[in-house]
Amino acid sequence: AWAGPKLGAPAAVPQFSVPVAAPAFSQTGAQFFEGAKSIVDLGGEPLTRWSLDLARSQPQASVHAVNLKPVPALIASDLPRLGAPNLKPAQYDFFDPPKGHPTGDRVVLNSPHFGGISDQNDADRMAAAIDAHLEPGGAFYAHADALFFMPLYMMAHQLRRDQAALQFSDRLPKHYKFISQVLDERKAILLDALQRRFGAGNVVEQPLEDYDRGLLNAPGKHTIQLRKPL
């Protein structure tokens, strides 16, 4: 009769013909926030429609809205009445977070120019700030809000048309570039900084389909999603 394995024998290790794939990146905002316990909104303001809606839609999570602007105590105390008792204002510079600052298993950045970055040094600082706020195994999403740039976009578009008609478009001042080009450049340097810090396989240019909800109006291609390794 079979006596079973010998004591102390190592357990069999399963063999795979192909490497086991890492968990897929989220396709929707609902998937991204599923199971979240703590969300950090970098640059978020508690009384904006976005921050309030985020807190209301994720009642199971603490939502920390980090901003340089102070929030009056009266307003902070009124958040439960507004249906967002889990929304917690935090006043500090997220590039230089204080000791004991909030962290989250989800971190988001909604910004017209990816947090104001303009060069590689800025992008490296942003990557470090994201790392400081994002817990191991957590997920980050950047969404470039285009509303702020819309008037500039329209002006640049008209200038391009006028300059082209006069056949000296090559003289168009640098600060009149198409806004999409500016965002492309800023996304590229941030993408590089994040890939170097978190690993290229953990960073993708993939939008969350229902994340915007018509509140931010970001161009679809100006999004970044990443996972922080354990």
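Q: Which residue forms a salt bridge with Arg196, with the closest N and O atoms 3.0 Å apart?
A: Start with the general idea. Side chains of opposite charge can pair when their charged atoms come close. In this predicted model, Arg196 pairs with Asp192 in this way, and their closest N and O atoms are 3.0 Å apart.

Q: What separates Arg196 and Asp192 along helix H6?
A: About one helical turn, because the two residues are four apart in that helix.

Q: Is Asp192 buried, partly exposed or exposed?
A: Read the relative accessibility. Buried means under 20%, and exposed means over 50%. Asp192 has 31%, so it counts as partly exposed.

Q: Which residues do salt bridges with shared partners join into one network?
A: Asp124, Asp192 and Arg196. The link to Asp124 is a salt bridge with Arg196, with the closest N and O atoms 2.8 Å apart. Asp124 lies in helix H4 and Arg196 in helix H6 (residues 179-198), so this pair ties together parts that are 72 residues apart in sequence. Asp124 is partly exposed, at 29% relative accessible area.

Q: How many salt bridges are there in the count?
A: The count comes to nine. One of them joins the side chains of Glu45 and Lys69, at 3.6 Å from N to O. Glu45 sits in the loop between S1 and helix H2 (49-57), and Lys69 in the loop between strand S2 (62-67) and helix H3 (73-77), so the pair ties together parts 24 residues apart in sequence. Glu45 is partly exposed, with 31% relative accessibility.

Q: What happens at the start of H4?
A: Look for a side chain that reaches a backbone atom. A side-chain oxygen of Asp119 comes to within 3.2 Å of the backbone nitrogen of Asn121.

Q: Which residues of H4 are buried?
A: Among them are Asp122, Ala123, Met126 and Ala127. Further along, Ala129, Ile130, Asp131 and His133 are buried too.

Q: Where does H4 lie relative to the strands?
A: H4 lies across S1, S4 and S5. The helix runs at about 135 degrees to S5.

Q: What is the order of strands in the open sheet?
A: Strands of a sheet pair through backbone hydrogen bonds, either parallel or antiparallel. Here seven strands follow the order S3-S2-S1-S4-S5-S7-S6, with mixed pairing. Strand S3 (87-91) and strand S6 (203-204) stand at the edges with a single partner strand each, so one side of each has no neighbour in the sheet.

Q: How many bridges join S1 to S4?
A: Four, and strand S1 (residues 38-42) runs parallel to S4. Within this pairing, Asp41 has Val108 in S4 as its bridge partner. On S4's pairing with strand S5 (residues 134-144), there are seven bridges, also in the parallel sense. Leu109 stands opposite Ala142 in S5.

Q: Is strand S4 mostly covered or mostly open?
A: Mostly covered. In S4 (residues 104-111), eight of its eight residues are buried.

Terms used. Residues are numbered from 1 along each chain as its sequence is written. This is a predicted model: local features need pLDDT of at least 70, side-chain atom pairs count only at pLDDT 80 or more; totals for chains, interfaces and linings use all residues. Side-chain values use heavy atoms; hydrogens and water are left out. Buried means under 20% relative accessible area, exposed over 50%, partly exposed in between (1.4 Å probe, protein chains only). A polar contact is a pair of N or O atoms within 3.5 Å; within protein, one must be able to donate a hydrogen and the other to accept it, and residues adjacent in sequence count only if both atoms are side-chain atoms. Two strands pair if DSSP finds at least two bridges between them. A salt bridge is a side-chain nitrogen of Lys or Arg within 4 Å of a carboxyl oxygen of Asp or Glu. Contact means heavy atoms within 4.5 Å. Axes are lines fitted to C-alpha atoms, for helices over the stretch in contact, and angles run from 0 to 180 degrees between N-to-C directions.
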